[in-house]
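Welcome! Here is a friendly walk through a structure that may be new to you. Take a moment to look it over before reading on.

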Amino acid sequence: MSALKSVRHDVKATWHHGWPYFQHRYLHRLPSPDSYETNTPMEGQLEVHLLTCARDFQMAVWAALNLTVVSRNKLPLVIHEDGTLSRRMLAIFRRYFPKARIVTAGEATAASEAAYSRYPCLLSLRRRLKPFWKLTDFALFCKAPRFIILDSDQLFFSTPHELLRGPAQAPYLFLRDLVSTYSVPLACEPWQLAPRVACGLGNVDKRRLNFERMESFLRAGTVDIERCDMWIEQTLWALECACSGVEYLPESYAIALGPGWEGKRAKHYIGPSRDYFFSEGIPVVERMLREEGSESQVVAETLV
Amino acid sequence: MFMSFLRGRQLTTPDARPIHTDAGGAVAVCALLDRQGWKSCLWTLVSFYGFAQCKHPLVVYDDGPLSTSSHKAILRLFPNASIIDRRCADLVIPRALADYPNCVRLRQTAQWARRIIDLPLLCGAKRILMLDDDVLFFKYPEKLLVRLASGEAGEFVSGRAMDNPCAHSPDQVFERFGVHINEWVSRGVMLADVSEFPYGPLDHWLDGLERDSRSWGEQALWTMYADNNRSAFVGRENDVKASPDLELESVSKRYLARDRGTSYGEGAMRVREELLSRGVFER
């Protein structure tokens, strides 16, 4: 998006959504880190992994804080940064989540290059597409048998029991997408993909991930590795789900197409609906956190 | 345009109590809202939920774009409603329908196309009950609710129109597209199974229509989708009538363009009076 287009969008969005949008989107309001106890454990049977970049930093803080509070500090938090976060941003993360593990881009790349040296296609995609790091790095840096994939644009309006409990039978539990959005058709002989897997939120058994199978899929030539877009990551998750089994989160976990949060447990603010993350989602979560926590003061943080 | 703008300004939003609908289900109640007709559409929805007393999930497609205050008004009445912002639909639909270029092209050029192209994909249910913003309910829609509960695969149920919405006769449509149509399908109140919505045939029909350069409307496409063999009518009490007055037996009334002025407002006030005793509105 060109700078002019971006400014035009910002002015229009501020006009449309009003003051709550403006203060969260541009004044970068964050809750006071001293107001909430983010005393996440160092180890556990289920970890939360979040990949973020400088652009989504503020959203990532809200998403991680939100899940930490609604899950009552039970889950170890691992934050993966993609190399664009400033020192100040990393410091803010450390201040909010003193016990979280922060995996830097350099550390992740060194470890991944060594660990996935047998999978050149996977490595090639990892080098080209940063969202792909969710597939390779989360499993690599997860010390627990299972992990939760948390996107920066995800918010929870009540305790996500289903997500925390995990699937009943299958190894994977994912958010149900509106439509199947993959790099290849659902039936891609001899492969079959699970329909409507949204990899922005999920509970994954890392022991069942089969990177051999993913590499074979990529080598089969069904996907142009040099040109494919970021949906290849979701495609590979869908491949794993089709082969090992998947369960979906209930309908109260929604993908945002517009405003409205009541009756929903969680909402994934994709694409243009991210405006509602600021205008609707953050005010609701802020109110919820205030009720959960003590007398907290929300302070304006300047991040840039 | 100016008159519809004036009508929109005159009509107030329903002062009903919040109506809580389910988060998901087999049937979704869907409506397309634009800047002119969003208030009348709210009256449509309040009259339906008020009389039917059902909890089917509500999906409203904001084709305005509506203002934040309009969104708030919708969510005040229907707190659990899913509102679809057209910009978000624009992100999902073109990719999902990449194999159907005529469908994608049509939804970019014709506003009404979003009801038939976007909603079957985005409603999140196997069947949709589509309500037009010019319809009001005045009684318990018993037959419609029986149809909603039946869940018969592939069914298509609607009110009966006064005239053929297609530009051609049924014979001409069959000759051209190989589809037997029921020429009396009305889209005002329409229940359709969209679980396996046929975008392929739709794309093919649009190809023919575009070459023909005729402005066939959404109703014609629904009529072709319905097919004569599986389309049914809800009942005489839901038929579209020419008279601007409400007939005694009518469960719902579709206010055609010429009756939209004062008649709709009177109808809305009548809905309010009827629903006051049921506790849908506060005294």
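## A covered strand in chain B

Strand E1 of chain B, residues 27-33, is mostly covered, with seven of its seven residues buried. Please keep in mind as you read that this is a predicted model. Which residues of E1(B) point one way, and which the other way? Val27(B), Val29(B), Ala31(B) and Leu33(B) point one way, Ala28(B), Cys30(B) and Leu32(B) point the other way, and all of them are buried.

E1(B) also has strands to pair with. Over four bridges, it pairs in the parallel sense with strand E4 of chain B, residues 127-131. There, Val27(B) stands opposite Arg127(B) of E4(B). E1(B) is also joined by five bridges to strand E2 of chain B, residues 58-62, and these two strands run parallel. In that pairing, Ala31(B) stands opposite Val60(B), and Leu32(B) has Tyr61(B) as its bridge partner.

## On to the next strand

Is E2(B) enclosed or open? Five of the five residues of E2(B) are buried, so this strand is largely enclosed by the rest of the structure. Both of its faces are covered: on one side sit Leu58(B), Val60(B) and Asp62(B), on the other Val59(B) and Tyr61(B), and all are buried.

Strand E3 of chain B, residues 82-85, runs parallel to E2(B) and is joined to it by four bridges. Here Tyr61(B) stands opposite Ile84(B).

E1(B), helix H2 of chain B (residues 38-52) and E2(B) make a right-handed β-α-β unit. Another right-handed β-α-β unit is made by E2(B), helix H3 of chain B (residues 68-77) and E3(B).

## Chain B as a whole

Stepping back, the secondary structure of chain B comes to 12 helices and nine strands. Chain B has 283 residues, and 46% of them count as buried. Among its contacts with a separation of 6 or more, 82% come from residues 24 or more positions apart.

## The sheet of chain A

Now for chain A. Seven strands form an open sheet with mixed pairing, in the order E4-E3-E2-E5-E10-E7-E11. At the edges stand strand E4(A), residues 101-103, and strand E11(A), residues 246-248; each has a single partner strand, so one side of each is left without a neighbour in the sheet. From one strand to the next, the twist averages 25°.

Within this sheet, strand E2 of chain A (residues 46-52) and strand E3 of chain A (residues 77-81) run parallel and are joined by five bridges. Leu50(A) has Ile79(A) of E3(A) as its bridge partner. Helix H3 of chain A, residues 57-70, lies across E2(A), E3(A) and strand E5(A), residues 146-150, running at about 165° to E2(A).

## A loop residue and an open helix

Where is Arg55(A)? It lies in the loop between E2 and H3 of chain A. Arg55(A) has 11 C-beta neighbours inside 10 Å, and because the cut-off for exposed is 12 or fewer, it counts as exposed. Although Arg55(A) and Leu85(A) are 30 residues apart along the chain, their C-alpha atoms are separated by 8.6 Å.

Helix H1 of chain A covers residues 3-17. At 1.5 Å a residue, its 15 residues should span 21 Å, which agrees with its end C-alpha atoms being 21 Å apart. The number of buried residues in H1(A) is one of the 15, so this helix lies largely in the open. Gly18(A) follows H1(A) and has a positive phi, near 80°.

## Where the chains touch

How many residues does each chain bring to the contact? Chain A gives 18 residues and chain B gives 22 residues. On the side of chain A that touches chain B, the residues divide into five nonpolar, 10 polar and three charged.

Definitions and conventions. Residues are numbered from 1 along each chain as its sequence is written. Chains are lettered from A and ligands numbered from 1 in the order in which they are written. This is a predicted model: local features need pLDDT of at least 70, side-chain atom pairs count only at pLDDT 80 or more; totals for chains, interfaces and linings use all residues. Two residues are in contact if their C-beta atoms, placed from the backbone, lie within 7 Å. Ala, Val, Leu, Ile, Met, Phe, Trp, Tyr, Cys and Pro count as nonpolar, Asp, Glu, Lys and Arg as charged, and the others, Gly among them, as polar. Two strands pair if DSSP finds at least two bridges between them. Axes are lines fitted to C-alpha atoms, for helices over the stretch in contact, and angles run from 0 to 180 degrees between N-to-C directions. The expected span of a helix is 1.5 Å times one less than its number of residues. A residue is buried if 20 or more other C-beta atoms lie within 10 Å of its own, exposed if 12 or fewer, and partly exposed in between; C-beta atoms are placed from the backbone. A crossover is right-handed if, with the strands pointing away from the viewer, the path from the first strand over the helix to the second runs clockwise.
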